Amino acid sequence: MRAGRNSPSASAGRRTRVHVVSDVHGNTEALARAGEGADALVCLGDLVLFLDYADHSRGIFPDLFGVENADRIVALRTERRFEEARDFGRELWAGMDRNAAIVSAVRKQYAEMFAALPTPTYATYGNVDIPGLWPEYAGPGTTVLDGDRVEIGGRVFGFVGGGLRTPMRTPYEIGDEEYAAKIEAVGSVDVLCTHIPPEVPELTYDTVARRFERGSRALLDAIRRTRPRYSLFGHVHQPLARRMRIGDTECVNVGHFASTGRPWALEW
């Protein structure tokens, strides 16, 4: 585990303000403003917009296959008919180089979004991100962390990116043991930053999609064991509860930034 890059410590009498965003999903315009008034920006992933479930005309999928097919794939997934959705997707992709088409579209989105990130930014991956591409676009003002720690204004932030395996099979899903190892590597921190929430029903249920997203039991156990001041995450766009306390820890879904365009602020 690397320690990460330290930001300047807060001087005596000076407060530190950090803005936190997650689930950017292509909202480059708002991302460019997200760091205004803050000492640092924290981004918890999902920069890529593959398919907007609120507006089926936006994203890589409708750009390639049209809105009508996007309507169909969203309906199947929302009804949890995942096998039918995969079969339908295979029909659409037949005869195409799927990987090349997706990577090309993601590269275009990453070029725009990483250019919009302020300095300094501390970022980790979401489950729909492609980690292998990030080194090509993350400039010197952006520190990418995954299973790592960094000090910001005298407080230690830990970062764990990605999601756990699901029937959706998004690009950066990993096994429970691998995810737990990253949580363990971070250890005890003041602010624990992850893309997915701890495994708590109120934090993992999406009221619009009408399903439970995958949260992490290892993350929940770490919160109870190490008691960080904050556990910050995204992933669930319309959660049943946006925040709750687990022991001494304030757990906060920092919001579906693609929809709100507003960062969550942490100040001390």
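Reply: One definition comes before the count: a salt bridge is a side-chain nitrogen of Lys or Arg within 4 Å of a carboxyl oxygen of Asp or Glu. The model is predicted. A search of the whole structure under that definition gives 19 salt bridges.

Me: Is Arg86 buried or exposed?

Reply: The cut-off for buried is under 20% relative accessible area. Arg86 has a relative accessible area of 18%, so Arg86 is buried.

Me: What is the N to O distance in the salt bridge of Arg81 and Glu79?

Reply: Arg81 is partly exposed, at a relative accessible area of 29%. Glu79 is also partly exposed, at 44%. Their side chains meet in a salt bridge with an N to O distance of 2.3 Å.

Me: Which residue meets Glu213 in a salt bridge?

Reply: Glu213 is buried, with a relative accessible area of 17%. The partner's side chain meets that of Glu213 at 3.1 Å, N to O.

Me: Which residues do salt bridges with shared partners join into one network?

Reply: Side chains of opposite charge can pair when their charged atoms come close. Here, salt bridges that share partners make one network of Arg15, Arg17 and Glu267.

Me: Which side chain of opposite charge is nearest to Asp23?

Reply: Asp23 is in the loop between strand E1 (17-21) and helix H1 (28-31). Beyond its neighbours within four places in sequence, Asp23 has contacts that include Asp46, His195, His235, His237 and His256. Asp23 is buried and has no salt bridge. At 8.7 Å, the nearest side chain of opposite charge is Arg242.

Me: What is the strand order of the open sheet of 6 strands?

Reply: Strands of a sheet pair through backbone hydrogen bonds, either parallel or antiparallel. The pairing in this open sheet is mixed, and the order is E5-E6-E9-E12-E14-E13.

Me: Which strands stand at the edges of the sheet?

Reply: An edge strand here has a single partner strand, so one side of it is left without a neighbour in the sheet. The twist averages 20° from one strand to the next. The edge strands are E5 (148-152) and E13 (243-246).

Me: What is the bridge partner of Val160 in E9?

Reply: Strand E6 (residues 155-160) pairs with strand E9 (residues 191-194) in the parallel sense, over 4 bridges. The partner of Val160 in E9 is Thr194.

Me: How many bridges join E12 to E14?

Reply: E12 (residues 230-233) also pairs with E9 in the parallel sense over 3 bridges, and there Cys193 has Leu232 as its bridge partner in E12. Towards E14 (residues 249-253), which runs parallel to E12, Ser231 stands opposite Cys251. The number of bridges joining E12 to E14 is 4.

Me: At what angle does helix H7 run to E6?

Reply: Helix H7 (residues 176-186) lies across E5, E6 and E9. The angle is taken between N-to-C directions. For H7 and E6 it is about 170°.

How values were computed: Residues are numbered from 1 along each chain as its sequence is written. This is a predicted model: local features need pLDDT of at least 70, side-chain atom pairs count only at pLDDT 80 or more; totals for chains, interfaces and linings use all residues. Side-chain values use heavy atoms; hydrogens and water are left out. Two strands pair if DSSP finds at least two bridges between them. Helices (H or I, at least four residues) and strands (E, at least two) are DSSP runs, numbered from the N terminus. Axes are lines fitted to C-alpha atoms, for helices over the stretch in contact, and angles run from 0 to 180 degrees between N-to-C directions. Contact means heavy atoms within 4.5 Å. Buried means under 20% relative accessible area, exposed over 50%, partly exposed in between (1.4 Å probe, protein chains only). Lys and Arg count as positive and Asp and Glu as negative; His and the chain ends are not counted.
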